[in-house]
Structure formats: C-alpha cells, structure tokens
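Subject: Structure for you to look at

Dear colleague,

I am handing over the structure that I have been reading, and I would be glad if you opened it beside this message. My notes on what I found follow directly below it.

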Amino acid sequence: MNVLFTQQMIGNVELKNRFVHSATYEGMADPDGKVTEDLIKRYRLLAQGDVGLIIPGFMYIHPLGRAYKAPIGIHSNEMIEGLKNLVKAVHEFDSKIFFQLNHAGQQTSSADIGQTPLGPSSSVRDPINFFKPKQMNENEIKEAADAYVHAAERAVKAGADGVQVHCAHGYLINQFLSPFFNRRQDKWGGSSENRFRFLKQVIQAIQAKVPNDFCITVKLNTNDFTPKQGITPELAVEYAGMLKKLGIDMIEVSCGSSIFSYMNMCRGDVPVKEMVQSMPLWKKPVAWLMIQSLKGKYDLDEGYNIKAARAIKPVIGNIPLGIVGGMRTLDKMSQVITNQDADLISMCRPFIREPFIIKNFKENKKDKVSCISCNRCLAAVPNGFPIRCYNKDFPKKI
Ligand SMILES: Cc1cc2nc3c(=O)[nH]c(=O)nc-3n(C[C@H](O)[C@H](O)[C@H](O)COP(=O)(O)O)c2cc1C
C-alpha cells in the first residue's frame, strides 16, 4: 500500500490517511459569520472525496480580527449551531476536522471592521490600504488572547476534533512572532522569547480549558518574506522547538504573508488583471504596475516548503509535521513521507478544482493534480467572490 494511505495519529486523533485540506478562505459565510449550506456542501464533498483531515478557511475569533467579505465566525456562541452542522457533514464520511482560529491583526481594513486595525506595533504601513495599525495596549492583548480561548471552547462544543492556531501568513500571531511587524521593547517584543510570549499564553490557556484528547495545532511560517527581516527559517526552527516544549499536537509549515508576500505563499502565475479588478480606479495603475512586476518570478516549484520542513522535523521529533505549498504529484508526496521530511501532505488550491483528488489517487485514476496554479482562486478573495476554480472564466461581478 502507498505510504500516503497509511494511518497517522495527531495526538489522540487517528487520520485514515496522510492528506490534509489546508485552510482555505471560502468567502461563503453569512454576513454575520454563520455557516451556510454552500459551506456544508463544500466540506461534505471533500470528506466524501476521502480527505483525512479537513481544515476549513480561517475562522475569526474576534470582530476586530475579521478580514475580507465573508469569513466564518467563531467569535460568538451564536456560531456554534452552524459549526456543529459543518462537523457533522465531515464526520459522516470518517474524515476529521480542525478549526483554524484567526485574528487578522493589521491584515484587515477599517472597511471590514469599522476602525483602525490593531497590531503589536504601529510601525508597519499597510502597502495596499495605506494605514498604520494601532499598537495594542495590555487590555487589547488580553482581550485577543481570551478570544482565542473562547473560540477553542466553541470548537469543542461544536464537536471539532481540534484547532489550528493560525500563526502564519502575516496575521496577528505571525505579527507578534515577526521582528518585522513586532517592534515592541516591552515583554511582548525585543527577543524571540518575548515575541513568542503571546502565542505561548494563547496555547497554555487553551490547554487549560479543552479536554485532553482535543488537538491543539499550529500553522507556522518558516519564512515571512517581508521587505525587512521577519521570521526566517532559523527563527522558525527556534519557534518550533518552543512549540514542542509546550506539547502541541502538530505543526503545519507554510510561508509568506497575505499582504506583503502573497506570491510566496501561493507560488504560480500572477493574474494581474483579476487581482486589480475591483480596486478603485485611482489605485489601479500603480497596483497594476506593482503586480505586473511580479510576473514570472514565482513559478511553481513543486513542494516549495520541503526544505524548511526538513529543518524543522528533527527539532520536533515525533510531533507530526504537515507541509503545504505546491504539492502536486503523487511521487513527490510519497517521497516526502518516505524520506520523513514530513508526516502529512496538505493542499489548498488543488482541492478547489478537484474535491475528489484523493479518492482518484487511491483508485489509481490519477497520479497528479489538475490544478495549474493560475491563482485566479486567490484573486477571487480581494474581489469578494466565493472561491471556486476560476481558471476558465473570471466573473466581472457575482
Ligand atoms: C483562495 C485561497 C484562500 C486561502 N485561505 C487560507 C486560509 O484561510 N488560511 C490559511 O492558513 N491559508 C490560506 N491559504 C493558503 C493555503 O492554505 C496554502 O498555504 C497555499 O495556497 C499553498 O498551498 P497550495 O499550493 O496547496 O495551494 C489560502 C490560499 C488560497 C489560494
């Protein structure tokens, strides 16, 4: 049997195979953050398609941490009923489900949250919306940390198998961990221990509140690729060691930030026209030039986070490691597991195009995904479109 179809434990949770649906923002929730029928349909299909572990798109834990037009909410108890239905749909087909907990920090906009976004420091200007965030005070830091814990408790109530604390892609916890975003010189910044403090408090507080068999996992950037040094591969290794000491159940490695280096996060083609489509006219010419200049520089390089995974795996030992980023062929995926570079193969864009890839792999109907990384699914996000494969057509309006 192919090693990809062997079981894998994450904490006390047993996965039927090594495949993970990496968190993918869907733009399909109700305006108040509630789960919709479209979301349930999407995840039921993926579970039917034999994905071992499903991590839906990031769920905002606090109204000030909400980003984009239609994210799923886990910020209030009113969300629990819908989240239960989502879990039920996935469990029907023997797949497991973790909720990705997220606060966008400065990677949101005042249009989305009605005030200046918060961040660990106010130094870094948003290059798309041109604001500087408000530096969080002690009360705001405590309120955000508490919100992660309440969200994890809601995940338990909804019946999820675990949570993934989002520490990647430039969102709030990534901002605390990164020397680029976090310029503080108090107990929250200035050294790697201090920058790690916020995440440590969040994890320890969640551990104190959830049952022992509930998985607590992390998505970690191994390279921020920010204009000035943020998380580097070396710093990621240091943080991975700290996470091991905390006793977390799994790490998934990724890279890039949604605002500063989205093409590192999603290597492939740069869909310039689609990316700028719904920008106001005054922004378009400069944005067009900036985005056009990225073309050809981020061609897909299969498994572009493998090298980083290789550096982290020895540090975390038997804690399962997931790898996301350009995993496209069965051969490469099997190699990663056989070489023990990682234990789990995560994908995002391929599942948008083909929810049944894993079933097809298993039945020997395919040996590579059909996704061509055109990145029009990524361009759907700033346009406010629900995600689907837009390779053949990109709408003017939904
Ligand atoms: C449309 C879209 C939405 C995404 N939403 C999320 C998200 O909610 N949370 C997250 O951690 N990563 C998100 N990502 C990043 C992916 O999880 C993944 O790290 C990246 O796409 C690279 O993997 P791939 O080559 O398998 O697509 C998103 C990517 C795309 C294209």
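In the shell around the ligand, the largest share, three residues, comes from α15, where helices (H or I, at least four residues) are DSSP runs that are numbered from the N terminus. Please keep in mind that this is a predicted model, in which local features need pLDDT of at least 70, side-chain atom pairs count only at pLDDT 80 or more, and totals for chains, interfaces and linings use all residues. Residues are numbered from 1 along each chain as its sequence is written.

There are 26 residues around the ligand, and Ser-22, Ala-23, Tyr-25, Cys-348 and Arg-349 come nearest, a residue being near a molecule if its C-beta atom, placed from the backbone, lies within 6 Å of it. The elements that give two or more residues to this shell are α13 (349–353) and α15 (376–383). By class, the shell holds 15 nonpolar, nine polar and two charged residues; here Ala, Val, Leu, Ile, Met, Phe, Trp, Tyr, Cys and Pro count as nonpolar, Asp, Glu, Lys and Arg as charged, and the others, Gly among them, as polar.

Next come the helix pairs. Two packed helices are described by the angle between their axes and the distance between the axes. Helix α2 (residues 80–91) and helix α4 (residues 138–158) pack at an angle of about 55 degrees, with their axes 8 Å apart, where axes are lines fitted to C-alpha atoms, for helices over the stretch in contact, and angles run from 0 to 180 degrees between N-to-C directions. That makes α2 oblique to α4, since angles under 35 degrees count as roughly parallel, over 145 as roughly antiparallel, 65 to 115 as roughly perpendicular and the rest as oblique. On the α2 side the contact is made by Ile-80, Leu-83, Lys-84 and Val-87, and on the α4 side by Arg-154, Lys-157 and Ala-158, with residues in contact if their C-beta atoms, placed from the backbone, lie within 7 Å. These residues divide into four nonpolar, no polar and three charged.

The axes of helix α1 (residues 37–48) and α2 come within 8 Å and cross at roughly 25 degrees, and α1 and α2 are therefore roughly parallel to each other. By class, the contact of α1 with α2 has seven nonpolar, one polar and one charged residues.

With best wishes

Notes. Two residues are in contact if their C-beta atoms, placed from the backbone, lie within 7 Å.
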